[in-house]
Amino acid sequence: MNRIAVFASGFGSNLQALIDFSKNDDLNGEIVLVFSNKSSAYALQRARNHGIKDIFLDPGQFCSRREYDEQVLSILKKEKIDLVVLAGYMLLIGPNILEKFKNRIINIHPALLPAFKGSHGIKDAFDFGVKVTGVTVHFVDECLDSGPIILQQAVEISEDDSCATLEEKIHGAEHRIYPLAVKYFCAGMLKIEGRKVTIKK
Ligand code: GRF
């Protein structure tokens, strides 16, 4: 059974989708920790609602990001974490964590990477006027939104869409594919060769 930590800085709807999925589906993994860099993250409350351990660690209380990351690493080690799932986590993952958790950190991005990287993927795609955008689940590497891609799902933008309705569609797609990607990881179905991820079904 894989021990999963979910890192979130905000609302935590993807965390909720993972929790719900794990109750109804065979995930071969358990969410044992929800971690946040923001005390106000509603994701922490969601964890408490489901009896999952929650930890908030304030980056402002540390002299450097390196020290913060060392503390994060020691928590991950203590909790014997196998997989880190980023779900709206708004801090970059430092090199020391990346090294210890190589190919064991995944992220979800609200656009079809490599298009519209960064923290405004939905609005940027909408403002650009693309007709198709989507969501991407990928492994995390040292660059922003750049690691090998596990799953993608396209989302069409219709002429009637506003940025708000697009956001709803994007979240719907995220909540469908993120739990699946976690399931594939936990089942040992993901094989990475260079940039290519294959899914053994
Ligand atoms: C999602 O859109 C995700 O793609 C992005 O941050 C957002 C988090 O939403 N990385 P939530 O906190 O899971 O509701």
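**Pockets, ligand and cavity**

I began with the largest pocket, for which I noted a volume of about 910 Å³. Of the 35 residues lining this pocket, I wrote down Gly88, Tyr89, Met90, Ile108 and Pro110 as the closest to its centre. The search ran on a 1 Å grid over the protein atoms alone: a pocket is an open set of points with protein on both sides within 12 Å along at least five of seven lines, a cavity is a set where a 1.4 Å probe fits but cannot get out, and lining residues have an atom within 4 Å of a point. Volumes are the space filled by probe spheres set on the points, which are joined across faces, edges and corners.

I record that this is a predicted model, in which local features need pLDDT of at least 70 and side-chain atom pairs count only at pLDDT 80 or more, while totals for chains, interfaces and linings use all residues. Residues are numbered from 1 along each chain as its sequence is written, and side-chain values use heavy atoms, with hydrogens and water left out.

Next I asked where the ligand sits. I found the ligand in the largest pocket, where sitting requires more than half of its atoms within 2 Å of the grid points. Its surroundings, taken as residues with a heavy atom within 4 Å, are Phe11, Gly12, Ser13, Asn14, Gly88, Ile108, His109, Pro110, His171 and Glu174. Helix 1 (13-24), strand 5 (105-109) and helix 6 (163-186) each supply at least two residues of this shell; helices (H or I, at least four residues) and strands (E, at least two) are DSSP runs numbered from the N terminus.

I then listed polar contacts, meaning pairs of N or O atoms within 3.5 Å. A polar side-chain atom of Ser13 lies 2.5 Å from a ligand oxygen, a polar backbone atom of Gly12 is 2.8 Å from an oxygen atom of the ligand, and a ligand nitrogen is 3.0 Å from a polar backbone atom of Ile108. Taken alone, the ligand exposes 370 Å², of which the protein buries 83%, by the Shrake-Rupley method with a 1.4 Å probe.

I turned to the second largest pocket, which holds about 210 Å³ of space and has Leu98, Lys102, Phe139 and Arg195 among its lining residues.

Last, I counted 1 cavity of 30 Å³ or more. Phe7, Arg65, Asp69 and Tyr89 are among the residues lining the largest cavity, and helix 3 (residues 65-78) gives the largest share of that lining, 3 residues.

How values were computed: Polar contact = N/O pair within 3.5 Å; in protein donor to acceptor, adjacent residues only side chain to side chain.
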